[in-house]
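Take a look at the sequence and the model below.

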Amino acid sequence: MLKKRLIPVLLLQNGLLVRSELFKIHQIIGNPIIEVQRFNEWNVDELIYLDITCEGAYDLRREDHKIKNLSEPLAILNAVSETCFMPLTWGGRIRTLEDMRVRFANGADKIAINTIAFDRPSIITEAARAFGSQAVVVSMDAKRVQDNRLEIYVAGGRRATGLRPSEWARQVESFGAGEILLQSIDHDGTGEGYDVDLIAEVASSVRIPVIACSGVGQFEHYADGIHAGASAAAAANIWHFKDLADRQGKRAMARAGIEVRQNPESGR
Amino acid sequence: MKYCTKCVYPGVAATPLTFDENGVCSGCRVAAQVTTLDWDKRLQMLKDLVKPYRSNSNYDIIIGVSGGKDSYFQTHVATKVLGLKPLLVTYHGNNYLPEGEYNLQRMREVFDCDHIIFRPSVDVLIKLNRIGFKLQGDMNLQNHCGIMTVPMQMAVRFKVPLVLWGEKGFMDLGGMYSYNDFVEYTAKGRKEHAMRGYDWYDFTDAGLEKLEHPELKEGLADKDLLWGQYPSDDEIDTVGVRGIHLSFYVRWDANAHVKLVKDLYDWQPVRKPFERTFRNFSNLDDMHENGIHDYLKFVKLGYGRGSDHSCKDIRGRYMTREEGVEMVRKYDHVKPRRDLERWLQYVSMTEDEFDAVCDTFRDPRVWWIKNSEWWKDNIWGEPSSYGPVANPVMLEKFNKWGRVQ
Amino acid sequence: MKILVIDYGLGNQRSVVNAIRLLGVDVLVSQRLEDLSGVDRIVLPGVGAFGDGITNLRALGWDRVLNKAVFEQHIPFLGICLGMQMLATVGTEHGFHDGLNWLAGRVDRLTPESDTLRVPHIGWNDVAFKDADPMYKGVPPSSCFYFVHSFVFKPEAQEVISGTFNYGGKWVASLRHNNIWATQFHPEKSQRAGLQVLRNFLASC
């Protein structure tokens, strides 16, 4: 049977990996290339890179580091895909089909779009037509507003859309998206677990796979997201904070009765 | 150059920083979290965490110790507060100050603990000093490698899963994480932050060949660097090795710790003041940490321990920002004669060679060249010169980067 | 050994190239038909829609030269994902499109029996294969491979099926007929098991 996936999400800001909290606070964690080398040694199912830079300047900060400066997102994607032997999704600052084409050519297997999907939904259809819907991920961010109601925000959590998550999810599915990457602004970086209500709302309103993200602080949290209907459990921060996070994550999921891909040789 | 409005850190730093809309750096912001946290709750979390690791037949925990104030504090917490039986493990990089050596040797007496002091071959250390310096501008590479590797190797060998570390480096200075992250020791963290992407295999002849630096070869082979070889994922997994940082569970304050370890254990600070910092209780295990290793930080990034220690004290409210700026002015640029002279003799290098290599690490985001001198911004006012360019190759490079005036 | 990976304007050849290079073999990626001469192996990767893929292939002239290379010169050929689907008689993604018709059959939308199963089929799934098949030599039984697709190949002749996956029904994971190898999954993304399949392809005669 199709396994549930465990996916690290790596956030890039100005060419560096950052940790995120509530979509507002970002601290630099390190070098994007070294991460991929490490993940290649691990048993993760896919990798998602999100470029959340606002301004245009990239710089890898340290001349005395083994891996020197890369100052363009494409150069980073290139270097990542050279060492990355697993399915790679690249998102962030993608506005046109040409942007997508270039990322595919530089090694991405799937691309993720967020704000542009809302501003110009026909791009979802165009992308699905050109690249196949399975290569088009729509990333969506939700925040709780008055009366604890969930609302979709775009532009890195700065602009309200007035849409409920289930509404927007149904729309993107009808436009041709292949997958949804679902993030919770309130749970981001808190380590308190997924927003399972959000996940359940979106997962039950569409038939395309949903990747849950935001809030994982312990390996036990992954199962909550899967049980709420997600096909894949994603997380960003925890991969930097605990070692052997792949084995431990998958073991926790397996203990909760979820079927995951394990390495037959080392039983991890 | 942008500087933090609260402490004295520059925007370009060894520990990556970000600034918020008020110009306050991530280091200050994370440090400010400290007073808002429930430390009683965290201590209880720690007590609960260690429970399953207590053993009837083996050490309960491994503590990597250098003999410094933090080592004493950690061992104090482990033995007196948590009531554990630790195995103390030291990597001895051969750079101890006499007071540091004294503090180190006493540990097994004052704490009634078993203590392994791992002392690598001095010949190998000297070679690594040279390679580290020329390749990375860091002669203390061997130190970072050994300290980050040997305790974990011992954990695997002795089958003691829990390893106690102190502060989470990069968090205490640059605010890399949040106190809610409870960051644990990771192989990735060791490689990326402590080793800057390099590892032991880069320093053998074969490794240097691969890095296209055959001129740095020192005849080192795999067997010379056994102590630097981090255990495999499977080895770590089999024993269940887990490295925790005490600073997430117990409030960290260097000044308070020093007082405690002096009072309870007669820990000795250094008698002769350091040339590059006002503190007398930091880094006694390695004379170069406050010395030329730190001078290299100034050469690369334009700041040093004067800034680091001021930031810590400003955040701990032991010092004002104005006082910090004065410390920066007084200490950051100092070329430390005492340990420089020791090192040059240790590795058989001349000062001219040293200066020439130093220059190759100057960061163009910080430095520019004017009248064949190195210039940079200063936190207290106008930019100024910091001496002549020693390496003519840098004139060309900086010209290419548009950094020559 | 010379390997040609065909670039027909769709998708990402980089992963395939990286994987083959990892196996120690050199690889040429080309749009030029001339580069087909003298090669020992041909790889046709693919990400995208059936219609666009076939149109591009034909526009560049690959259909003719590949026919010759595969059926007359018997050069081993590997089609991956869309590269497998285009070998069919017809594909039904966004309308009806004629495929290369190397292996009789159609490519239709994946329709798992259960409503709870989501489409596209994305992720790692077990593949059941015949032990003796050279495609899977050295691959541990029920290994996982990486799939990312919404359409499946339904061949007329069952004998050409070398591997299947379960997803609300039994579907084709791979086909093999003489020197034509084809996988729905991405061996270049399927870590050890996938690399073994690629290795087997490179070793095939």
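Which residues in α3(B) meet which residues in α11(B)? This is a predicted model, and its atoms give a clear list. From α3(B) come K69(B), D70(B), Y72(B), F73(B), H76(B) and K80(B). From α11(B) come A254(B), H257(B), V258(B), L260(B), V261(B), L264(B) and Y265(B). Sort this contact by class, and there are eight nonpolar, two polar and three charged residues.

Now consider how the helices are placed. Helix α3 covers residues 69-81 of chain B, and helix α11 covers residues 254-265 of chain B. Their axes lie 9 Å apart. The packing angle is about 70 degrees. Angles of 65 to 115 degrees count as roughly perpendicular, so α3(B) is roughly perpendicular to α11(B). The crossing of α3(B) past α11(B) is left-handed.

Next, turn to the two chains. How many residues of chain B are in contact with chain A? There are 40, and they touch 31 residues of chain A.

The size of an interface is often given as the accessible area lost when the parts come together. Here, about 3,100 Å² is buried between chain B and chain A. Carbon and sulfur atoms give 47% of that area. On the chain B side, K188(B), E192(B) and D233(B) lose the most area to chain A. Together they make up 20% of what that side buries.

Charged side chains also pair up between the chains. Three salt bridges are counted between chain B and chain A. A salt bridge also joins the side chains of R247(A) and D234(B), at 2.8 Å from N to O.

Conventions:
Residues numbered from 1 in each chain as written. Chains lettered and ligands numbered in written order. Predicted model: local features only at pLDDT ≥ 70, side-chain atom pairs only at ≥ 80, totals over all residues. Heavy atoms only, no water. Axes fitted to C-alpha atoms, helices over the stretch in contact; angles between N-to-C directions. Helix = DSSP H or I, 4+ residues; strand = E, 2+ residues; numbered from the N terminus. Parallel < 35°, antiparallel > 145°, perpendicular 65-115°, else oblique. Left-handed = near helix turned anticlockwise from the far one by under 90°. Contact = heavy atoms within 4.5 Å. Nonpolar A, V, L, I, M, F, W, Y, C, P; charged D, E, K, R; others polar. Buried area = accessible area lost by both parts, 1.4 Å probe. Salt bridge = Lys/Arg side-chain N within 4 Å of Asp/Glu carboxyl O.
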